[in-house]
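Visitor: I would like to go through this entry and ask what stands behind each label.
Guide: Then let us take the labels in turn.

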Amino acid sequence: MDTVMLCVILAVACLSLLCAVISLVVSLRKGNKDGGDLEKEIISIKAELKSNIDSLEKTVPLSISASLKDSANLQAEAFNKAAREQSEADMARLNNFQTSINQRLDEGIKALNQKVDANLEAINKKVDASLSEGFKTTSESMASLQKELGILQAAQEHLGSLQNEISSLTGILSNNQQRGRYGEWQLELLLQAMFGESKGVLYDLQYTLVKGRGDEPSLKPDAVIFLDGEKRQRIVPIDSKFSLVGYEQLFEKGATLSEEEERNCKSTFRQALRKRVDETSKYIVAGKTVNTAIMFVPSDGIFAYIQTEFPELVESARQKNVVMASPTILQPLLYSFRLMQIDSAKSENLQKIDAAITSLSADFDRFKPRWEKLQKDINSLTSSTEQFDKTVTKLGNKFAKIKKSDVAVIDSDEEPLPVEFSGE
């Protein structure tokens with residue numbers, strides 16, 4: 001702006017000088033003036049120029065100063081206005097940015113809170129489920145533990161009662177007569193378990209094989225098995241009596257035996273067993289029983305001891321057709337006897353089936369000629385039915401022609417009579 005003002009002032013000064021020069025030239029061209037007037041005029045022009053220059057020197061700075069001041073004011077106002085507008089725009093942008101940032105922060109915090117709440121809820125559910133499962137498992141474990149403790153307590157009580165029963169059983173087994181009854185009772189339980197409620201049919205207790213005569217006692221084993229059912233010609237005798245003489249001393253609690261005492265106890269026990277074998281062999285009756293009798297030893301431990309310590313006695317019993325059997329050995333033997341009973345029943349049924357088949361064959365022999373005669377009658381009846389159908393058809397046709405009053409065309413040929421059917 002200062003440069004523009006300076007240029008304007010110089011231009012004005014140049015124009016003033018140019019005007020003075022032009023005026024001087026014009027005066028010189030006129031020539032009607034003398035040199036004194038020209039000099040005066042020049043002096044006057046100089047003075048005027050000087051005055052103008054002085055005036056310009058005084059007014060130009062003031063004009064320039066005023067112009068510069070106005071320009072500065074305008075520039076300051078424009079700058080202030082632009083600064084205010086820029087400030088307002090910046091403030092608006094800042095406010096918008098802050099609002100956007102706050103909105104985004106709010107949305108982010110809200111989403112984060114929702115995610116945290118969801119995670120906390122899931123964690124709470126898992127913790128609740130784990131705690132519930134843990135409490136449930138603990139409750140079940142406690143209930144199971146209490147149940148097992150109850151079972152243990154009941155088992156302890158049962159052991160106490162079992163100990164009393166064992167003590168009572170020991171007292172029973174110490175007496176020969178009571179020991180025999182215990183063996184019979186155990187044998188009866190095994191027979192009932194295998195044959196069920198078939199006493200007197202498949203097996204029996206205290207069955208008399210041979211009645212006594214005079215001084216001879218009756219042969220009556222503790223139990224018998226009927227292999228052939230009601231025929232009772234194949235009987236297996238079983239004797240349950242046994243003796244513990246000598247065996248009790250060998251295994252008496254707290255007893256300490258010398259070698260000689262041990263040999264004497266074994267010898268006593270062997271002799272008692274040999275006597276039982278001989279008594280069992282008496283129950284083998286030719287034509288009444290099978291060629292084998294069973295000596296029941298109601299203890300697996302005693303049976304194992306006999307097999308180990310007295311093999312010669314076991315072999316001697318086999319030679320006399322006496323088989324020793326403990327409860328464990330007797331069970332498969334009874335099962336085998338049951339299968340033999342079933343086979344025997346099947347054999348009897350096969351005989352009945354064979355007789356029924358023979359009777360059926362005779363009925364079929366009578367059925368065959370009767371069927372042939374019936375077939376001939378059926379064929380004759382079929383032929384007669386065909387001829388009868390032809391006659392009925394012709395009669396129907398003739399009746400139809402009569403209804404039409406076409407009597408002339410009625411065929412007078414007669415249909416041969418059908419062959420009579422004989423149902424004999």
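Guide: Buried means under 20% relative accessible area, exposed over 50%, and partly exposed in between, with a 1.4 Å probe and protein chains only. Helices (H or I, at least four residues) and strands (E, at least two) are DSSP runs, numbered from the N terminus. This is a predicted model, in which local features need pLDDT of at least 70, side-chain atom pairs count only at pLDDT 80 or more, and totals for chains, interfaces and linings use all residues. Residues are numbered from 1 along each chain as its sequence is written, and side-chain values use heavy atoms, with hydrogens and water left out.

Visitor: What makes β3 mostly covered?
Guide: Five of the five residues of β3 are buried. Ile 235, Pro 237 and Asp 239 point one way from the strand, Val 236 and Ile 238 point the other way, and all are buried.

Visitor: Which strands pair with β3, and in what sense?
Guide: Two strands pair if DSSP finds at least two bridges between them. Strand β2 (residues 223–226) is joined to β3 by four bridges and the two run antiparallel; Ile 225 has Val 236 as its bridge partner in β3. With strand β4 (residues 293–296), β3 pairs in the parallel sense over two bridges, and Asp 239 stands opposite Met 295 in β4.

Visitor: Why is the contact between Asp 239 and Arg 276 called a salt bridge?
Guide: The rule asks for a side-chain nitrogen of Lys or Arg within 4 Å of a carboxyl oxygen of Asp or Glu. The closest N and O atoms of Asp 239 and Arg 276 are 2.9 Å apart, so the pair qualifies.

Visitor: Are Arg 276 and Glu 279 buried or partly exposed?
Guide: Arg 276 has 10% relative accessibility and therefore counts as buried. Glu 279 has a relative accessible area of 26%, so Glu 279 is partly exposed.

Visitor: What does the salt bridge of Glu 312 and Arg 270 tie together?
Guide: Their side chains meet at 3.2 Å, N to O. Glu 312 lies in helix α7 (residues 311–319) and Arg 270 in helix α5, so the pair ties together parts that are 42 residues apart in sequence. Glu 312, at 42% relative accessibility, counts as partly exposed, and Arg 270, at 24%, does as well.

Visitor: How do you know that the buried residues of α6 lie on the same side?
Guide: In helix α6 (residues 300–309), Ile 302, Phe 303, Tyr 305 and Ile 306 are buried. They cover an arc of only 160° around the axis, which puts them on the same side of α6; the arc is that of the directions from the helix axis to the C-beta atoms.
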